[in-house]
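Please read these notes with the structure open beside them.

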Amino acid sequence: MAGEIKNKPKAPLSYMLNPGHSACAGCGMIIAARLILDTAGPKTIITNATGCSEVTTTQYPMTSYKQPWIHSLFENPASVASGILAALKIKGLAETTNVIAIGGDGATFDIGLVHISGMWERGENILYVCYDNEAYQNTGYQSSSATPLAANTTTTPPGKESLGSTLPKKDMIKIALAHNLPYVATATIGYPLDLIAKVKKALSIEGPKYLQVYCPCVPGWGIEPKDTLSTSQLAVQSGFYPLVEYISGQLAKVQKITKKTPVEDLLKLQKRFKHLFKTPQGKAELAKIQELADKNIKDFNLS
Ligand SMILES: Cc1ncc(C[n+]2csc(CCOP(=O)(O)OP(=O)(O)O)c2C)c(N)n1
Ligand SMILES: [Mg+2]
């Protein structure tokens with residue numbers, strides 16, 4: 001057949017997340033989901049907030065999930081996970097079942113934060129995973145408190161008065177650490193083995209855990225589907241999104257920078273930052289973003 005690629009290598013199918021979902025080509029979130037759910041394995045119950053991770057995988061009457069999975073509301077996967085854990089304890093299954101609560105950055109950094117805080121405060125043995133694609137992408141790219149400085153979103157459009165988002169990203173890792181969690185980490189799909197290792201580690205630790213996964217969003221960030229992985233690698237190599245792991249509040253591991261990259265190389269792949277490359281004011285904003293990355297490099301000793 002014309003155009004057929006001979007000997008095309010086949011990626012192994014996910015064994016916990018069925019194909020046929022409606023995530024965009026190159027979606028970072030769905031790659032993260034696959035890696036995390038496959039690592040957690042069949043003895044896992046998932047609660048999921050509203051957002052891309054839910055709407056793309058569970059269009060009634062179908063589901064992509066092979067593990068027990070429940071969606072309730074945008075703000076409460078943590079509370080639902082607490083209820084599931086309580087039921088598992090009564091049934092004597094809590095020791096042998098992973099409970100994972102999942103939300104996007106909007107669900108996590110903003111609307112669900114109070115419920116997550118309560119779950120963490122209660123010390124429950126639940127892993128909370130945030131798919132961080134840095135905006136409310138499912139509803140049309142509105143900014144969240146995970147949106148980085150100067151990004152163009154539909155609620156932070158650049159124009160005469162501003163250069164995109166005027167606020168820096170909320171430091172959710174420090175908020176998690178303030179709850180004295182035994183395990184807190186960031187990861188990204190650009191470093192899949194690191195992500196898998198962090199899921200394994202988190203699930204091996206008793207108590208509440210937080211894993212924040214940087215997931216590029218093809219339409220929301222204005223990237224090419226082929227650039228999803230390289231975008232997430234450049235975020236790490238530029239110091240823009242440090243990969244860190246805290247055990248019992250102590251910084252246990254960082255992903256070192258092996259090929260130091262200016263943040264401009266990361267931002268120029270993304271249309272949400274393209275206005276910064278056009279004016280002297282934009283260039284000044286780029287310098288501020290570089291400063292934030294340099295601070296990460298210094299604070300976490302990344303290079
Ligand atoms: C209480 C409530 N407010 C607003 C919405 C509409 N809503 C559904 S998903 C969503 C955005 C989700 O953003 P995020 O959590 O970052 O996930 P993403 O879609 O970006 O993966 C919004 C605003 C809702 N479902 N419920
Ligand atoms: Mg989001």
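1. Buried here means under 20% relative accessible area, exposed means over 50%, and partly exposed is in between, with a 1.4 Å probe and protein chains only. By that cut-off D105 and A135 are both buried.

2. This is a predicted model, in which local features need pLDDT of at least 70, side-chain atom pairs count only at pLDDT 80 or more, and totals for chains, interfaces and linings use all residues. Residues are numbered from 1 along each chain as its sequence is written, chains are lettered from A and ligands numbered from 1 in the order in which they are written, and side-chain values use heavy atoms, leaving out hydrogens and water.

3. Which residues coordinate the magnesium ion (ligand 2)? The donors are D105 (OD), N133 (OD1) and A135 (O), at 2.0 to 2.2 Å. Donors are N, O and S atoms within 2.8 Å of the metal (3.2 Å for Na, K and Ca); water is not among the atoms, so the site may look incomplete.

4. Along the chain the magnesium donors have the spacing D-x27-N-x1-A. D105 belongs to helix 4 and A135 to the loop between strand 4 (127-132) and helix 6 (172-177), so the pair ties together parts 30 residues apart in sequence. Helices (H or I, at least four residues) and strands (E, at least two) are DSSP runs, numbered from the N terminus.

5. Oxygen atoms of ligand 1 lie 2.8 Å from a polar backbone atom of G106, 2.9 Å from one of A135 and 2.9 Å from one of Q137. Helix 4 (residues 105-111) gives the largest share of the shell around ligand 1, four residues.

Definitions and conventions. A polar contact is a pair of N or O atoms within 3.5 Å; within protein, one must be able to donate a hydrogen and the other to accept it, and residues adjacent in sequence count only if both atoms are side-chain atoms.
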